[in-house]
Amino acid sequence: MNAVQTPAPIGEAAARKRLHVITWGCQMNVYDSGRMADVLAPLGYAPAAEPDGADMVILNTCHIRDKAAEKVFSELGRLRRLKEATGNRMILAVAGCVAQAEGAEILARAPYVDIVLGPQTYHRLPEMVAQASRAAGAVIETDFPPEEKFDHLPDSATPQGPTAFLTIQEGCDKFCSFCVVPYTRGAEASRPAGAILREARHLVAQGSREITLLGQNVNAWHGEAPGAATWGLGRLLRELAEIPGLTRLRYATSHPRDMDDDLVAAHRDIPSLMPFLHLPVQSGSDRVLAAMNRKHTADDYRRIIDRLRAARPDLALSSDFIVGHPGETDADHEATMALVRDVGFAQAYSFKYSPRPGTPAAGAPMQVAEDVKDSRLQALQALLREQQARFGAGCVGLDMPVLFTGPGRHPGQIVGRSPYLQPVHVSGGANLVGTESIVRIVASHPNSLAGTLVQERQIA
Ligand code: 5AD
Ligand code: SF4
C-alpha cells in the first residue's frame with residue numbers, strides 16, 4: 001500500500017504542539033471535544049494525555065447540574081499553575097455550556113484564561129488560537145453564529161474506534177422548567193442528511209462498527225434530504241442501516257413527544273437498530289410533568305412504551321428521573337415509583353433537582369428540602385438498582401452478540417458491549433477488538449456481564 005503524503009504544515013503550524021482536552025458532561029461534549037481536536041490538527045496540535053507542559057488545554061464544561069461554575073473555577077486554579085510552569089506559553093481555553101452561560105464571569109475571575117467559547121463556535125477555534133497567540137488579550141466567542149458550525153468542521157481526523165458518536169442535531173426548543181440546555185445550546189438545529197451519511201461512511205471506513213447518533217433532542221431531527229425532501233429520524237436510520245459494515249445503530253437522547261410512528265416502525269424494521277432505548281421521562285406524576293413543561297402525561301409515556309415493545313419485543317429501556325422538582329409531594333414521588341414498577345427499566349439515571357440560574361423552576365415557590373430530595377433519591381435508586389440487577393440476571397444463559405471494544409481489566413481478557421450497552425468481559429485475544437461475536441452470558445454483576453465466546457463472527 002502506498003503511504004499517503006500529507007503536505008507539510010506551513011509556518012507556525014510546522015512545529016508539533018501538544019493539546020490536552022478535559023471533557024465533562026454528556027456524550028455531545030465527548031463528541032465536541034473530538035471535533036475541537038480535529039479542527040486544531042491542521043495547526044499542528046496533536047493529542048496529549050496529560051495537561052502538564054501542554055501548549056493548549058481546553059476545559060470542555062457542563063452546566064446541567066450541581067455547582068458547575070464552582071467546579072470550573074477550582075479546575076482553572078489547578079490549570080493556572082500548570083500554565084505558569086510553561087512560562088505562560090500554554091493557551092488555556094474554556095468551552096462548553098458553562099463557557100456559554102458564564103463567559104464574562106470566567107474572564108473576570110480567571111483573567112489568565114485566553115479563550116472562552118460556546119458550543120456553537122468550535123469551528124472558529126483556529127482564528128481564536130491565532131488571536132490568543134498574538135497576545136491580543138482574551139478572546140470570547142459565545143454568540144450563536146448564523147452559520148451552521150457543522151458546515152465548517154472538517155471530516156473527523158482521529159478514528160473513534162469500534163463505537164463512535166455522530167452528532168446530528170443540536171439545541172432544544174422544549175424549555176423544560178428545570179433545564180439550562182435551551183439557553184446554552186440554543187434553538188433546535190438539524191444537520192442535513194447528506195452530511196450525516198457522509199460522516200457515517202467516513203467513521204465506518206475508519207473502523208467504527210457501531211454509531212450512536214447524538215442530539216439534545218435527537219428524535220426531533222428533521223433534516224434536509226436529497227431532492228428537497230425533509231426526512232425524520234426513522235428515514236435517516238433506514239438509510240444509515242444500508243451502509244455496509246455499519247452493524248449497530250443507536251440514538252440518544254430522545255423526548256417522548258417526538259416518538260413518531262415512523263421512528264417506532266424503524267425499531268421493528270431495522271435489525272441493526274439496537275433493542276435498547278434511552279427515553280427520559282423525568283417523573284411519573286402528571287402534576288409534576290405539567291410543572292416541568294414536559295407536555296406529556298405518565299400514561300402517554302406508558303403508551304409509547306407499549307407501541308415500542310409491540311414493534312420490538314426484545315426492547316429494553318433506560319430513562320432519566322429528577323426527584324424533588326419544586327412542588328413535588330410524597331404522592332408525586334409515589335407516582336414516579338409506580339411508573340418505574342410498571343415499565344421496568346434495564347438501566348436509568350436519577351438526579352436530585354438542582355436549581356439552574358435563569359430557568360423557570362429555579363425561581364419557583366415550594367422548593368423541596370434537601371433531606372427530602374435525598375430520601376426520595378435513595379428510594380428511587382434502590383428500585384432502579386433492583387430492576388437493573390434483575391435485567392442482568394435475566395441475561396445469564398443467553399447467547400448475545402457482543403462488539404468488542406478493548407482490552408479487559410485482566411490479562412487475556414477483552415471487553416465488549418451487549419446490545420443493551422452492558423459491558424461484557426470474556427477471555428479472548430486483542431485481535432478480536434473491533435469484531436462482533438456471539439457470547440454465552442455466564443454471570444451478571446451490578447454493572448457488567450461475564451461470558452464465554454461461542455462463535456466468532458467476523459463483521460463484513
Ligand atoms: N436538576 C437535576 N437534573 C437535571 N437534568 C437536567 N437538568 C437538571 C436539573 N436542573 C437531568 C434530566 C436530563 C438529564 C440529562 O439531566 O434528567 O434528562
Ligand atoms: Fe432540557 Fe431535554 Fe427538556 Fe430540552 S427536552 S429542555 S434538553 S430536558
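A residue counts as buried under 20% relative accessible area, as exposed over 50%, and as partly exposed in between (1.4 Å probe, protein chains only). Tyr-183, at 36% relative accessibility, is therefore partly exposed. Keep in mind that this is a predicted model, where local features need pLDDT of at least 70 and side-chain atom pairs count only at pLDDT 80 or more. Residues are numbered from 1 along each chain as its sequence is written, and side-chain values use heavy atoms, with hydrogens and water left out.

Now for the rings. Rings of Phe, Tyr and Trp (its six-membered ring) make a pair if their centres lie within 6.5 Å; planes under 30 degrees apart are stacked, over 60 edge-to-face, and the rest tilted. The structure has three such aromatic pairs. One of them joins Phe-175 and Tyr-183 edge-to-face, with 5.5 Å centre to centre and 75 degrees between the planes. Phe-175 is partly exposed because its relative accessibility is 37%.

Phe-391 and Tyr-420 also pair up edge-to-face, at 5.1 Å centre to centre and 90 degrees between the planes. This pair links distant parts of the chain, 29 residues apart: Phe-391 belongs to helix H12 (residues 370-395), while Tyr-420 lies in the loop between strand S18 (413-417) and strand S19 (423-427). Helices (H or I, at least four residues) and strands (E, at least two) are DSSP runs numbered from the N terminus. Tyr-420 has 14% relative accessibility, so Tyr-420 counts as buried, whereas Phe-391, at 24%, is partly exposed.

Charges can meet rings too. The charged end of Arg-65 sits over the ring of Phe-351, 3.6 Å from its centre (CZ of Arg or NZ of Lys must be within 6 Å of the ring centre and within 35 degrees of the ring normal).

Methods: Chains are lettered from A and ligands numbered from 1 in the order in which they are written.
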